[in-house]
Structures are given as C-alpha cells and as structure tokens.
Amino acid sequence: MIQGLYEDLKGKTALITGGLGCLGRVLCTEFAKQGTNLIILDKSQEDAVFLTELRRYQISTEFHQVDFESGDSRSRVIEEISKTTQRLDILINNAAYVGSTDAPGWAVPFQDQSIDTWNKALEVNLTTPFHLIQGLEKLLRLSDAPTIVNIGSIYGSHGPDWEIYKGTDMGNPAGYAASKGGLIQLTRWLATTLSPKIRVNCVSPGGISRNQDISFVEKYSLRTPLKRMATEDEIVSSILFLSSSSANYITGQNIQVDGGWSAW
Ligand SMILES: NC(=O)c1ccc[n+]([C@@H]2O[C@H](COP(=O)([O-])OP(=O)(O)OC[C@H]3O[C@@H](n4cnc5c(N)ncnc54)[C@H](O)[C@@H]3O)[C@@H](O)[C@H]2O)c1
C-alpha cells in the first residue's frame, strides 16, 4: 500500500509499457488511485477484468496489444496513439525481457546465450524506449510538464555476483545487463537533449521478492544492506514521485531503489 497522494497526477495521462506484467499492474493501479488516465501497452492479450478494476478509480483506460520486438508493430501503435490522444504527460518504459523470461539462449550460461535472443532483448529493452520516445515526443510536448521514467535495473550498473545464483536454475543474461546499461545512458542523453521541456529519469530496481529459490533469497538478502529483497510498492512509489511535480528539478538521474545494494 503506497501512502500519499500526488495531487498533480490527477487528470494526467500516463502511457505504461508492459502494463500487464508484475510491476506494470502495480504501476497501473497506483497511478489509477492518483486519478491518472492510462494507456497500457503489452504483448499479452487485453485483460478486461483488470481494466474494469482500474476504471473503479474514475479514470479512462485504453489498451493496445503490441509486440515490441517488431519495429512495424511499434510504429503502428505510435500512429494509433498519436491519432486518438490529445496529450501525453507521462511515459513509463517498463516492458522488458527480464531475467525470468522463458526464451531459448537467454537465462543460460554465457557460452549458451544466443545472439538471436540478445538481439530480441536489445530490441525490447533498449530500442523500444528510443522508438517510443522519438515517436511520441510531439504528444509529450503538448503537456505542461511532460516526464519520462525508464525502468532500468541494478544490473545496468553492476555485474552479477554469481555466488548468489549457485545451486539455483536462475540466470542473469549478458543481454539484460547490456540493455539496461544502455537504457541508463540513454536516459542521460535524452535528459539533456529534450531539456528544458521534458524531464527524463530512470529507476533501477534491485531484486523484487517473488517466491524465488530460498537459497537465492537468503544470499541476495545478505548481500543487501537492508537485508531483504524489494516489494513492488517500494519500486512504484519512486516512479510516482519522479512522475510528479515533486520531482520538478530532477532530470537525467538513475535512482537505484535497491536496499543499498549499490552502496557497498
Ligand atoms: N523483477 C525484478 O526483480 C526487477 C529487478 C530490476 C528491474 N526490473 C525491471 O522492472 C520492469 C518490470 O519487470 P517485471 O518483473 O514486472 O517483469 P514482467 O515479466 O512481469 O513484466 C514485463 C512485461 O513486459 C511485457 N513485454 C515483454 N516483452 C514484450 C514485447 N515484446 N512486447 C510488448 N510487451 C512485452 C510482458 O508481457 C510483461 O507484461 C522491467 O523493466 C525489469 O527489467 C525488475
């Protein structure tokens, strides 16, 4: 449960990619509670029950099914949104190939990682934010205070400690690290390029607790100054903050919401 209300988010329109994923659903719900209208993009099929739940908060919701691996699919959705939306205030680039994505040649030992999957991951995690921001810039500029939040990862700035993966079937692909590192730097590039009108920041979560292998959780927690994994709410609250006018003087930053993982 996130405490507090960002009054200025009420009546704004936010586009959230990967809005039907684990973090995406919490993001949509918490923005809805603030009164923010939502445009949700995901490759999963529309979830009518979830959209109905969101509308309980007296907001408008719109869903577009899209495959970010395809440039044509991305161009199509940009065109659709540009035709139907009057103004975009907030863009959250959250969709991604993640560590648990079930793709061949992905979360496997280095020698088994495939170039095909590397390319697809870069397409979704890095090329898509570039393409969406470029394609939607005009719509963002129609807002009084447009803002973009990219979702990175601690693995965009830090190498994996393989000790914590030992004895589990979990992986940490090179393509994930490289794409998130690229996204963090793209954030800085865009922040200076789109300034002073559009603020661009990145939130880099640490590991979120999701019933992972117990030995992983124990070792991960020991490696973290706050001695535990994150909750979805703890990540989402920083995204709400950066999207709101409370963060009006913050741009070009990568905020690591990681329980101190990056502080050692
Ligand atoms: N879970 C963690 O511990 C953690 C840690 C650090 C960073 N993150 C980041 O948080 C964000 C959300 O992660 P999550 O854990 O909710 O993952 P998730 O897999 O639950 O959600 C990702 C969403 O992206 C969508 N998506 C993936 N490929 C797509 C494509 N080709 N086209 C359109 N949509 C596509 C999926 O359908 C899904 O809804 C990601 O950017 C991830 O890298 C997560």
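Hi everyone, let's start with a term: a polar contact is a pair of N or O atoms within 3.5 Å; within protein, one must be able to donate a hydrogen and the other to accept it, and residues adjacent in sequence count only if both atoms are side-chain atoms.

A quick note on what you are looking at. This is a predicted model, where local features need pLDDT of at least 70 and side-chain atom pairs count only at pLDDT 80 or more, while totals for chains, interfaces and linings use all residues. Residues are numbered from 1 along each chain as its sequence is written, and side-chain values use heavy atoms, leaving out hydrogens and water.

Now, the ligand. A polar backbone atom of G21 sits 3.0 Å from a ligand oxygen, and a backbone N or O atom of C22 is 2.9 Å from an oxygen of the ligand. K43 brings a backbone N or O atom 3.2 Å from a ligand nitrogen. The ligand alone exposes 830 Å², and the protein buries 89% of that (areas by the Shrake-Rupley method with a 1.4 Å probe; for residues, only the protein chains shown count as cover).

Who is around the ligand? There are 27 residues, and D42, N94, Y176, I208 and R210 come nearest (a residue counts if one of its heavy atoms lies within 4 Å).

Last, the cysteines. How many disulfides are there? The count is zero, a disulfide being a pair of cysteine sulfur atoms within 2.5 Å. For C28, the nearest cysteine sulfur belongs to C22, 12 Å away. C28 is buried, at 0% relative accessible area (buried means under 20%, exposed over 50%, partly exposed in between, with a 1.4 Å probe and protein chains only).
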